[in-house]
Amino acid sequence: MMGSLLLLSLLLLLLLVSEVRFSGGVRLAGNGGYEDWRLGTATYIKESQGHPLNDGGGACGYGDLDIFRYGRYTAGLSGALFGRGSACGGCYELRCVNNILYCLRGSPTVVVTATDFCAPNFGLADDYGGWCNFPKEHLEMTEAAFLRVAKAKADIVQVQFRRVSCDRAGGIRFTITGGPNFLQVLITNVAADGEVDAVKVKGSRTGWIPMGRNWGQNWQCDADLRGQPLSFEVTGGKGRTITMYNVAPSDWMFAQTFAGKQFVE
């Protein structure tokens with residue numbers, strides 16, 4: 001009888017934990033995995049190190065991660081996961097496994113946003129410095145995120161990870177740059193899939209113009225759309241499309257950021 005009560009109590013505790021949220025608008029666990037768990041590895045960058053995960057920048061083009069609402073729970077992905085930038089903005093839930101010395105007790109999980117590329121180092125072995133060599137599936141995490149699942153003295157740990165839905169506050173954000181003959185837009189704060197698979201833009205005097213991925217989440221087209229209100233059509237990584245009309249007014253200027261609608265699960 002006591003054993004049954006103890007088991008029931010543990011199940012209730014797990015259900016409560018699955019609904020816990022962490023600051024930054026992304027659930028720590030229980031938020032609808034897109035994929036089954038699979039095995040990979042993880043390391044972390046110390047906060048004292050100069051690195052895009054700490055200082056901003058990175059291969060996704062986000063720049064200051066606090067300004068673009070990604071915060072301190074981010075990661076760089078190895079080439080097998082990064083997909084030449086298509087994974088930028090996606091959310092990954094992970095937990096440390098198979099190491100009682102370094103994994104935190106209870107195998108807690110954390111969710112990180114992909115904001116950078118972890119470059120390969122083919123001069124080093126896959127298990128000794130070449131962690132991001134293809135086809136390794138590796139996440140290079142911020143120190144804050146890593147310490148949610150493992151101890152600081154760990155070097156590299158095995159993890160189980162999966163893609164999960166991203167929960168973002170506010171609408172999709174469009175930061176406009178470019179020049180007289182081209183338009184470039186950095187797309188951030190994408191909920192649900194987190195990723196962006198395709199983008200179109202429309203001025204008041206044009207039809208829908210497909211944009212190409214320049215790098216990371218910077219999208220570009222060869223068109224002069226100055227003086228026209230801008231509408232956008234964004235397709236997420238799972239194929240859903242959202243159309244947003246007149247996101248930017250006709251008097252928009254380069255370096256300005258505008259918010260549109262948002263994907264809803």
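Buried, as used here, means under 20% relative accessible area, and the model to which the term is applied is a predicted one.

Q: What percentage of the residues of the protein chain count as buried?
A: A residue counts as buried when its relative accessible area is under 20%. In this predicted model, the protein chain has 265 residues, and the share of them that count as buried is 46%.

Q: How many helices and how many strands are there in the protein chain?
A: The elements are numbered from the N terminus, with helices and strands taken as DSSP runs. On that basis the protein chain holds four helices and 16 strands.

Q: Which residue is joined to Phe-134 by a cis peptide bond?
A: The omega angle of the bond in question is about 5°.

Q: Does Ser-107 count as buried, partly exposed or exposed?
A: Ser-107 lies in the loop between β5 (91-97) and β6, and has a positive phi of about 50° although it is not a glycine. Because its relative accessibility is 37%, Ser-107 counts as partly exposed.

Q: Is Asn-246 buried or exposed?
A: Asn-246 lies in strand β15, which spans residues 241-248, and has a positive phi of about 50° without being a glycine. The cut-off for exposed is over 50% relative accessible area. Since its relative accessible area is 54%, Asn-246 is exposed.

Technical notes
Residues numbered from 1 in each chain as written. Predicted model: local features only at pLDDT ≥ 70, side-chain atom pairs only at ≥ 80, totals over all residues. Heavy atoms only, no water. Helix = DSSP H or I, 4+ residues; strand = E, 2+ residues; numbered from the N terminus. Buried < 20%, exposed > 50% of the residue type's maximum accessible area, 1.4 Å probe, protein only.
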